[in-house]
Amino acid sequence: MSVMQENKIEDYIDTYYFRTLAENAHYPALKGTEEADVCVVGGGLAGLNTALGLVERGRKVVLIEAKRIGWGASGRNAGFVAKGYAAGEVKLAKMVGLEKAQKLVNLTKNARKTIKKRINDFNIDCGPVIDGVLTVSFRDRVEELKRDIQQANDDFGLGFEFWPREKVRAICKTDKYFDGVFAINDYQFNPLRYVRGLGKAITEKSGRIFENSPALKIVKEGADWAVHTAGGKVKAKDIVLSCAIYSEGLNRRLENAAFPVQTYLMATKPIDPAVLKSAIDTRYAIYDTRFCSDYYRILPDNRLLWGGRVGLWAHPNDIAQAMLHDMFKLYPQLKGHVEPEVAWSGKLCYAPHKMPQIGQIEPGYWYNTGYGGHGLCPTTAGGEIVAAAIAEGDQLYKEFAPFGLGYAGGKMGRYVAQLVYLWWRARDFLDV
């Protein structure tokens with residue numbers, strides 16, 4: 001079989017973000033042998049942030065991507081830029097203690113600032129960038145919520161603001177919501193345009209990116225590592241894998257330490273402004289406190305981006321109708337006035353502990369993965385951590401040792417995770 005036959009030319013799937021791209025230039029596929037200080041495998045946010053951190057530290061970097069940079073969840077997510085990790089601050093403190101948890105959360109708070117700085121420094125057109133994310137409560141438990149906010153602010157300096165239900169319902173016009181938590185320092189943007197901006201920044205700093213170049217095997221060649229593709233290979237002193245759920249046999253240990261979780265989003269056609277205002281009268285990004293939450297935000301041209309639900313191996317037959325069903329349960333006043341324009345799904349990489357997996361399998365063989373459910377800030381932090389470790393010998397990456405490559409059940413892991421998800425949904429329903 002020829003290289004051209006083996007390397008099918010992939011493009012982005014149809015999403016709202018894909019339709020907004022001002023440019024869609026492809027990077028070439030790898031042909032022949034490239035030599036670098038570091039080879040990064042995987043062109044999602046984790047890989048791109050690692051590569052950018054390395055080129056900024058003067059390293060010669062080659063990044064290879066099986067399809068397109070940001071092809072997976074990195075370019076399909078809701079675009080919420082928020083501090084913290086999928087595990088949550090309370091669980092994190094229980095796992096490693098408050099002091100270490102504070103240190104880890106601060107990394108993502110700093111990353112939130114780094115993202116804005118990169119948008120400005122590299123002139124990345126990923127707006128509108130809108131400050132403010134509102135988390136709304138499905139339960140009438142005002143005193144409990146106030147205590148949680150106070151503890152989060154005291155322990156982690158998150159700057160949360162309590163919103164009484166009157167203020168919440170003034171902008172979210174549904175009787176399903178009660179009080180809320182407002183995070184003014186979190187924000188929203190277009191993730192695919194941001195991803196492409198990172199790629200441009202890497203290449204402008206002399207990094208090399210190759211798309212449609214899936215890694216097939218990794219072998220040791222003398223003192224270097226060699227990452228082989230169908231069209232060639234990359235030789236490097238260090239390699240970084242940021243592709244656990246997409247590696248397809250590249251490294252079984254990484255694959256077995258995580259499982260894919262599929263989520264769903266929809267963008268509507270433009271909605272009459274008066275109709276939209278009758279339901280949602282804010283440009284803040286919104287999600288709720290349930291284990292299986294809805295999350296949404298108003299897009300330019302009065303479109304509504306709506307996401308929710310998860311699955312482990314299949315997606316709804318009609319994602320758009322599933323999203324509309326969930327929307328109308330909250331905002332029945334929108335029924336008959338909203339039409340879907342495009343809907344899609346994306347796979348997130350989760351470890352059982354819901355924390356990033358950062359470390360070395362052996363000297364020079366790095367991994368940086370597992371950012372499901374909370375990716376934009378943690379991947380920025382993780383990329384900087386791994387880049388500093390490789391380029392400067394920094395030891396901060398060892399703070400992630402407690403969240404190593406445990407066994408997630410292999411192929412059976414997703415079935416176990418599906419049972420966990422069903423339990424979460426039951427907890428939402430039963431409120432236990």
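Residues are numbered from 1 along each chain as its sequence is written. Because the model is predicted, local features need pLDDT of at least 70 and side-chain atom pairs count only at pLDDT 80 or more, while totals for chains, interfaces and linings use all residues; side-chain values use heavy atoms, with hydrogens and water left out.

**Exercise 1. Determine which face of helix H4 is buried and what covers it.**

Step 1. Helices (H or I, at least four residues) and strands (E, at least two) are DSSP runs, numbered from the N terminus. Buried means under 20% relative accessible area, exposed over 50%, and partly exposed in between (1.4 Å probe, protein chains only).

Step 2. Sort the residues. H4 spans residues 89-96, and Glu-89, Leu-92 and Val-96 are buried. Seen down the H4 axis, the buried residues fall within an arc of 60°, so they line one face of the helix. That arc is taken over the directions from the helix axis to the C-beta atoms. Val-90 and Lys-94, on the other side of H4, are exposed.

Step 3. Find the cover. Contact means heavy atoms within 4.5 Å. Helix H5 (98-121) and H6 are among the elements that cover the buried residues of H4.

Step 4. Look past the end. Gly-97 follows H4 and has a positive phi, near 95°.

**Exercise 2. Describe how H12 packs against H3 and H5.**

Step 1. Axes are lines fitted to C-alpha atoms, for helices over the stretch in contact, and angles run from 0 to 180 degrees between N-to-C directions. Angles under 35 degrees count as roughly parallel, over 145 as roughly antiparallel, 65 to 115 as roughly perpendicular and the rest as oblique.

Step 2. Take H3 (residues 45-56). Its axis and that of H12 come within 7 Å and cross at roughly 40°. That makes H3 oblique to H12.

Step 3. Take H5. The axes of H5 and H12 come within 8 Å and cross at roughly 95°. The two helices are therefore roughly perpendicular. H5 makes this contact with residues including Ala-111 and Ile-115, and H12 with residues including Ala-381 and Ile-385.

**Exercise 3. Locate the largest nonpolar core and its main contributor.**

Step 1. Define it. A nonpolar core is a set of buried Ala, Val, Leu, Ile, Met, Phe, Trp, Tyr and Cys residues joined through side-chain atoms within 4.5 Å.

Step 2. The largest core has 77 residues, of which Leu-92, Leu-104, Ile-115, Phe-189, Tyr-194 and Phe-400 touch the most other members. Helix H12 (residues 376-392) gives the most to this core, with nine residues.

Step 3. Separate the other core. A second, separate core of 32 residues includes Tyr-264, Ala-279, Phe-328 and Leu-330.
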